[in-house]
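Subject: Structure handover and notes

Dear colleague,

I am passing on the structure we spoke about, together with notes on what turned up when going through it. Please read them with the coordinates open beside you.

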Amino acid sequence: MSQPEVVILPEPAALAAEGARRFVAIARAAHARQGRFSVALAGGATPAGMYRLLADQPYREQVAWQDVIVGLGDERCVPPDSPHSNFRMARETLLDRVPVPAANVFHPPAELPPAEAASAYAGLLRRHFHLRGAARPRFDLILLGMGEDGHTASLFPGMPALRETRRLAVATEVPEYVQPAVPRITLTLPVLNAAANVIFLVAGADKAAAVAAALTGPEPDDPLPARRVRPESGRLVWLLDEPAARELR
Ligand code: 6PG
């Protein structure tokens, strides 16, 4: 497991551009190698700028979108047209603006009861990655954000989902301080750590303490969820803006 690469950008626009540049590079390498590129998109607000860049030139024309497979790292259990929906954010900023075949896009059916939605999403993963038995999907790229509490995807500190070692996706409640206060569907750590590339995109001074806890210091007994993301045989990159990096030595 290699050490994470940490890249500090001066401000969010530069963070978005660096993320888009790396997305394209990984997509092109995967397509050249295997004829397709699989990516799990991060939710939340931070990645929106990067997704918008990818939908415009010069990035758009550099990706073979017809051979891209797109999943979601996590989803809130809200209707697909809710302003809180990660899938809606991904559609509006990227997926409705690039020619990814609809059959190649899969996301948790968040309108189902949470446990059913998680099971259905795991089934979609198995189908799109042609998995059998206990095999895990190996995304070419998983994009992640991080909350002030060090959560990533919808793996929150102290919640059972963080300890899942077998299922590919699970439903989880959220701690009382999290908004929107709705259940989530999330990829589990085994899937995140099976990825060929993981890129965190984190911006803002409010994340600085969690960034420092996730990236530096001795291994704590109870590491933050974001610190537990260490791809077993993949590359880990943290793209930070300067305010988010200000507590790093
Ligand atoms: C979600 C995300 C979550 C997000 C962080 C950071 O569904 O909210 O998957 O893990 O990446 O909460 O969110 P912001 O980018 O909005 O700060």
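I will begin at the start of helix 3, where a side-chain oxygen of serine 85 comes to within 3.2 Å of the backbone nitrogen of phenylalanine 87. Please keep in mind throughout that this is a predicted model.

Helix 3 spans residues 86–93, and its buried residues are Asn86, Phe87, Met89, Ala90 and Thr93. These residues lie on the same side of helix 3, because the arc they cover around the axis is only 160°. The partners against which the buried residues of helix 3 pack are strand 2 (37–41), helix 2 (48–54), strand 3 (68–72) and strand 4 (74–76).

Beyond this helix, leucine 95 sits in the loop between helix 3 and helix 4 (114–128). With a relative accessible area of 11%, leucine 95 falls under the 20% limit and therefore counts as buried. Neighbours within four places in sequence aside, leucine 95 is in contact with Leu41, Val70, Phe87, Ala90 and Val105.

As a general background, nonpolar side chains tend to be buried together in soluble globular proteins.

Glutamate 18, which is placed in helix 1, counts as buried at 13% relative accessibility, and apart from neighbours within four places in sequence it is in contact with Leu9 and Leu239.

Turning to the ligand, 15 residues surround it, and the closest are Thr46, Asp74, Arg76, His151 and Ala153. A polar side-chain atom of aspartate 74 is 2.6 Å from an oxygen atom of the ligand, while for arginine 76 a polar side-chain atom lies 2.8 Å from a ligand oxygen. Alanine 45 takes part through a backbone N or O atom, 2.8 Å from an oxygen atom of the ligand. Of the 410 Å² of accessible area that the ligand has on its own, the protein covers 85%.

Finally, some backbone details. Most residues other than glycine have a negative phi, and most peptide bonds are trans. Alanine 153, however, has a positive phi near 50°; this residue is found in the loop between strand 5 and strand 6 and is buried, with a relative accessible area of 11%. Histidine 130 also has a positive phi, of about 50°, but is exposed, at a relative accessible area of 66%, in the loop between helix 4 and strand 5 (141–144). The peptide bond from glutamine 57 to proline 58 is cis, with omega near 5°, and proline 58 belongs to the loop between helix 2 and strand 3. Glutamine 179 and proline 180 are also joined by a cis peptide bond, with omega about -5°, and proline 180 lies in the loop between strand 6 (169–172) and strand 7.

Notes. Residues are numbered from 1 along each chain as its sequence is written. This is a predicted model: local features need pLDDT of at least 70, side-chain atom pairs count only at pLDDT 80 or more; totals for chains, interfaces and linings use all residues. Side-chain values use heavy atoms; hydrogens and water are left out. A residue is near a molecule or strand if one of its heavy atoms lies within 4 Å of it. A polar contact is a pair of N or O atoms within 3.5 Å; within protein, one must be able to donate a hydrogen and the other to accept it, and residues adjacent in sequence count only if both atoms are side-chain atoms. Accessible areas come from the Shrake-Rupley method with a 1.4 Å probe; for residues, only the protein chains shown count as cover. Buried means under 20% relative accessible area, exposed over 50%, partly exposed in between (1.4 Å probe, protein chains only). Helices (H or I, at least four residues) and strands (E, at least two) are DSSP runs, numbered from the N terminus. The arc is that of the directions from the helix axis to the C-beta atoms. Contact means heavy atoms within 4.5 Å.
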